[in-house]
Amino acid sequence: MTYRRAFKVGDRVKIDEYTGDVTDIRLQVTHLRTIKNEEVIVPNSTILSGHIVNYSTFARERGLILHTTVGIGYEVPWRQVEAMLKLAAERTPGLFSEPQPFVLQKSLGDFAVTYELNVYVDAPQGMATIYSELHKNVLDVFNEYGVQIMTPAYEGDPDQPKVVPKEMWYAQPRGRLRTRKRDDGGSVQGRSLV
């Protein structure tokens, strides 16, 4: 482990299916804390014989590239799609403005073009939050411009695009308010969906 120098304490890494921050490196095991605050103990033999992704190594110097994809129908001009994806990136906090976000056209599928939005960050520990905010902004921008995201499945052209109209963006959750008893005798109110 010492000679590989694949990571150090504090780095955000992915080892097998586990992603987390390295909290301790011992003789036989390495400890990770996941984004769900779980401790995962990985045998060093697994690390030595497997692949490791270190999100922190270059993030500090050059930035880490996060990416997400959308499938958009052929009837939407690619220049408009790229502009909308870049607008979603502009609205997302925590991204670098330089280097600028960029869009790749990944494939020309049977029913849609697959676009990949790439953005730069320097804080791999915030990846989950940044992805969530980026996805929210992508959805908002595409809804604002009435462009339907076709993925993950396409069945046929609907009469109207499948977008959420602006007047429905803040609709109240549907359901009834119920009170349940806690173990300590108190009560908690929660909404159950109908």
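Predicted model: local features only at pLDDT ≥ 70, side-chain atom pairs only at ≥ 80, totals over all residues.

Residues are numbered from 1 along each chain as its sequence is written, and side-chain values use heavy atoms, leaving out hydrogens and water.

**The helix pair**

- Helix α2 (residues 78-90) packs with helix α3 (residues 127-144) at an angle of about 135°, their axes lying 8 Å apart. Helices are DSSP runs of H or I with at least four residues, and strands are runs of E with at least two, numbered from the N terminus. Axes are lines fitted to C-alpha atoms, for helices over the stretch in contact, and angles run from 0 to 180 degrees between N-to-C directions.
- Val81, Met84, Leu85, Leu87, Ala88 and Ala89 of α2 meet Leu134, Asn137, Val138, Val141 and Phe142 of α3, where contact means heavy atoms within 4.5 Å.

**The sheet**

- Three strands form an open sheet in the order β6-β8-β7, with antiparallel pairing; strands pair if DSSP finds at least two bridges between them.
- β6 (64-73) and β7 (102-108) are at the edges with a single partner strand each, so one side of each has no neighbour in the sheet.
- From one strand to the next, the twist averages 25°.
- Ten bridges join β6 to strand β8 (residues 112-121) in the antiparallel sense.
- Valine 70 is opposite tyrosine 115 in β8.

**Helix on sheet**

- α3 lies across β6 and β8 and runs at about 30° to β6.
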